[in-house]
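Trainee: I'd like to learn how to read a structure like this one. Could you walk me through it, feature by feature?

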Amino acid sequence: DLLLKGVSLYYMKHVLLQEVKDAGFGVDHVKVYELGPDLTSAHNFGLIRKKGANVICSRDGKVGASYVDSIVEEENDGSNKYVSHARNAMLSYTWGYGIKAIVETLAAKCRTDG
């Protein structure tokens with residue numbers, strides 16, 4: 001279901017954190033709001049929104065997709081380890097949290113839950 005997909009923990013650990021590093025941010029300390037758009041600029045979408053800026057959205061067919069809708073990496077069997085369709089958890093956070101802290105917290109939750 002397109003409405004219930006999210007970024008997988010695998011993707012966050014192995015791709016997102018690398019994207020953060022590649023963009024020149026210190027992954028250990030960067031806050032979510034630092035990855036967002038520069039609201040004073042019409043051209044600086046920030047790391048998160050830039051990913052989907054020129055992607056056709058799978059939900060409405062228009063240019064400009066969410067981060068999760070911009071992730072395309074299917075395996076040979078049609079599965080995608082980068083996108084999760086699990087519906088048993090929702091992450092709520094504030095922009096002031098560190099991106100690495102969010103990923104580590106989710107990883108700990110997964111270890112605890114098995």
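This is a predicted model: local features need pLDDT of at least 70, side-chain atom pairs count only at pLDDT 80 or more; totals for chains, interfaces and linings use all residues.

Trainee: What covers the buried residues of helix 3?

Mentor: Some terms to begin with: helices (H or I, at least four residues) and strands (E, at least two) are DSSP runs, numbered from the N terminus. Buried means under 20% relative accessible area, exposed over 50%, and partly exposed in between, with a 1.4 Å probe and protein chains only. Contact means heavy atoms within 4.5 Å. Here, the cover over the buried residues of helix 3 includes helix 1 (9-22).

Trainee: Which residues of helix 3 are buried?

Mentor: Look for Ile99, Ile102, Val103 and Ala107. Seen down the axis of helix 3, the buried residues fall within an arc of 130 degrees, so they line one face of the helix. That arc is taken over the directions from the helix axis to the C-beta atoms. On the other side of helix 3, Thr105, Arg111 and Thr112 are exposed.

Trainee: How far does helix 3 reach from its first C-alpha to its last?

Mentor: The expected span of a helix is 1.5 Å times one less than its number of residues. Helix 3 (residues 99-113) has 15 residues and reaches 21 Å, close to the 21 Å expected. Just after helix 3 comes Gly114, with a positive phi of about 85 degrees.

Trainee: And which residues have the most contacts inside the largest nonpolar core?

Mentor: The general idea is that in soluble globular proteins, nonpolar side chains tend to be buried together. A nonpolar core is a set of buried Ala, Val, Leu, Ile, Met, Phe, Trp, Tyr and Cys residues joined through side-chain atoms within 4.5 Å. The largest one here has 20 residues, and Tyr11, Leu16, Val20, Leu35 and Ile99 have the most contacts inside it. Helix 1 and helix 3 each supply at least two residues of this core, and the largest share, seven residues, comes from helix 1.

Trainee: How many aromatic pairs are there?

Mentor: Rings of Phe, Tyr and Trp (its six-membered ring) pair if their centres lie within 6.5 Å; planes under 30 degrees apart count as stacked, over 60 as edge-to-face and the rest as tilted. By this rule there's one aromatic pair. Tyr11 and Tyr67 form it edge-to-face, 6.0 Å centre to centre with 75 degrees between the planes. The pair links distant parts of the chain, 56 residues apart: Tyr11 sits in helix 1, and Tyr67 in the loop between helix 2 (46-50) and strand 2 (83-84). Both Tyr11 and Tyr67 are buried.

Trainee: What about Val63: buried or exposed?

Mentor: Val63 is found in that loop too, but is exposed, with a relative accessible area of 56%.

Terms used:
Residues are numbered from 1 along each chain as its sequence is written. Side-chain values use heavy atoms; hydrogens and water are left out.
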